[in-house]
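Please consult the sequence and structure shown here alongside the text.

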Amino acid sequence: MMRFAVSDRDLDVASLRRELHNPDHGGFCAFEGWVRHTNEGRDVGGLEYEVYAELAQVEGERIMQEARERFGAIDAVGIHRSGMLRIGEMAVWVGVSSAHRDEAFRACRFIIDQIKHRLPVWKKEHYLEGDTAWVACAHHGEDHDHTHHHRHHRAPAGFVPDYSRQKRLPGVGEAGQEKLARARVLVIGAGGLGSPVLAYLAGAGVGLLGISDDDRIDASNLHRQTLFTAADTGRLKAEVAAERIAAVNPSVRTELFGRIAPDEAVALFRRFDLVVECSDDMSSRFLCSDAATMSGTALILASVHQYEGQLQVIDPRAGGPCLRCLWPAEPAPDAAASCAESGVLGPVPGILGTMQANEALKRLLGLPGQAPDRLLLVDLLDNRTDQLRIDAENGCASRGGCVAMAERAMAARGGDSLERRFSTLGAARAAGYRLVDVRQEDERAAWPMPEAVHVPLPVLLESGAALPAEGPLLLVCASGRRSARGAQHMRDSGRADVFTLPGGLQGLSE
Ligand SMILES: [Zn+2]
């Protein structure tokens with residue numbers, strides 16, 4: 001059983017614990033968060049939790065679901081209080097039971113961290129001196145160490161977003177607004193393209209906006225990055241963008257990320273309904289195209305060069321072409337000049353970013369949009385637009401398909417790392433890896449790997465010579481632990497072409 005709830009009543013721990021009794025389970029772990037009597041040197045008399053209940057419910061259920069996916073057969077209950085709480089009262093309760101203690105501990109930690117990090121909750125402290133203040137909640141997630149601290153800025157008390165102008169449109173209405181409120185969009189880059197994207201998606205009431213950017217605001221950005229002011233120079237773009245979004249629409253949640261690392265991109269994309277790439281960075285566009293292809297998450301790409309812009313919508317679930325269908329290989333870093341080198345007029349990224357925002361909203365609403373097999377070219381000197389047909393047959397299709405191309409590129413990004421990530425064993429083989437199954441004989445019956453050479457880990461550790469001489473080799477086990485040990489052992493004994501599949505068979509998508 002997995003349950004999440006927001007409650008305005010005192011929590012009854014005994015009955016919550018009873019919900020988690022399970023005859024198969026030997027371990028139970030609970031976390032309780034209590035209201036403290038001081039914060040930053042001030043005496044606190046009580047706390048008021050304002051919860052955006054509907055969104056919190058959806059997000060809380062997602063968190064519980066993710067915990068089940070990560071930690072397997074667990075039972076868990078998570079409850080967050082709303083309303084007025086006194087000192088010592090319980091604000092959060094998370095309980096997890098499982099067969100073994102390790103999963104219970106880790107899942108409990110995961111759930112509480114995610115709840116702190118992702119739930120739309122605002123906390124008002126009532127001080128003994130008689131005044132109150134909305135507290136800057138500094139979130140820090142366990143799994144995103146690069147997530148920056150950020151504040152929730154509040155619109156005037158009682159402000160309610162008014163979507164009447166867009167709801168009036170045919171094809172939007174109350175149902176469309178509901179879709180936007182539940183949508184999760186990741187925006188990569190909060191600069192010239194990202195400014196209009198974030199502003200319009202926030203104004204439209206998109207439920208969650210992820211913002212990935214590790215850059216700071218520079219005076220030379222202000223002619224095109226309209227989210228920022230001169231007073232913001234030197235600050236992190238993602239943080240300031242989150243503040244502007246909160247000021248425009250307090251019902252929109254933001255989650256901040258630094259630069260996205262290749263090994264986390266696919267998992268991150270899976271958490272979002274849509275990704276909008278606004279980075280002005282060629283290697284980020286290729287990484288996003290690969291991650292979108294591997295995760296199945298739709299992606300809206302745009303780029304500008306002087307007075308020209310391009311827009312492409314990648315829709316992997318519809319079998320549409322990817323960026324590599326147009327350009328199979330990523331150009332060398334110096335081949336593509338950035339705005340810093342080639343110059344840009346402010347409105348050019350503004351127009352392309354506005355088009356990205358428009359595509360994103362239409363897509364979330366289920367309205368017609370840019371055809372996925374067309375590249376839109378915009379020339380903003382003579383205001384001509386063109387739609388270039390993307391020849392998918394002569395694209396990735398002639399080289400093993402978009403997914404194989406993406407998997408190969410993603411594996412190559414691993415560099416010297418021991419790990420090679422693939423979503424299927426077929427993809428690993430297509431990328432040229434020979435599979436080595438290091439599990440025990442009895443495990444192979446439940447999940448056979450006929451395409452792999454079988455060398456159980458103890459044999460491998462005893463005599464690495466049992467491995468095939470021809471590489472590269474990808475060691476595979478159930479969870480990725482034994483294969484990592486085996487690969488490290490082989491590296492230590494001087495063989496360089498041995499890799500491990502992180503997450504093992506359990507981490508595969510098939
Ligand atoms: Zn492709």
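## Cysteines

In this predicted model, Cys 278 is buried, because its relative accessibility is 3% and the limit for burial is under 20%. Cys 288 is likewise a buried residue, with a relative accessibility of 3%.

A disulfide is a covalent bond between the sulfur atoms of two cysteines. The number of disulfides in the model is zero. For Cys 278, the nearest cysteine sulfur belongs to Cys 288 and lies 9.4 Å away. For Cys 288, in turn, the nearest cysteine sulfur is that of Cys 278, at 9.4 Å. Because a disulfide requires two cysteine sulfur atoms within 2.5 Å, Cys 278 takes part in none, and Cys 288 is also in no disulfide.

Side chains of opposite charge can pair when their charged atoms come close. Across the whole structure, 31 salt bridges are found. One of them joins Arg 259 to Asp 214, with an N to O distance of 3.9 Å. These partners are 45 residues apart and link distant parts of the chain. Arg 259 lies in the loop between strand 12 (253-257) and helix 8 (262-270), whereas Asp 214 lies in the loop between strand 11 (208-212) and helix 7 (237-248). Arg 259 is exposed, at 52% relative accessible area, and Asp 214 is partly exposed, at 42%.

Glu 330 and Arg 413 form a salt bridge as well, at 3.8 Å from N to O. This pair too connects distant parts of the chain, its members being 83 residues apart. Glu 330 is found in the loop between helix 10 (323-326) and helix 11 (339-342), while Arg 413 belongs to helix 13 (residues 402-413). Glu 330 has a relative accessible area of 33% and is partly exposed; Arg 413 is also classed as partly exposed, at 26%.

Which residue forms a salt bridge with Arg 235? The partner is Glu 243, and the closest N and O atoms are 2.7 Å apart. Arg 235 is partly exposed, having a relative accessible area of 24%. Glu 243, by contrast, is buried, because its relative accessible area is 9% and burial means under 20%.

## A salt-bridge network

Salt bridges also link residues into a network, whose members are Asp 10, Arg 81, Arg 86 and Glu 89.

Note on methods. Residues are numbered from 1 along each chain as its sequence is written. This is a predicted model: local features need pLDDT of at least 70, side-chain atom pairs count only at pLDDT 80 or more; totals for chains, interfaces and linings use all residues. Side-chain values use heavy atoms; hydrogens and water are left out. Buried means under 20% relative accessible area, exposed over 50%, partly exposed in between (1.4 Å probe, protein chains only). A salt bridge is a side-chain nitrogen of Lys or Arg within 4 Å of a carboxyl oxygen of Asp or Glu. Helices (H or I, at least four residues) and strands (E, at least two) are DSSP runs, numbered from the N terminus.
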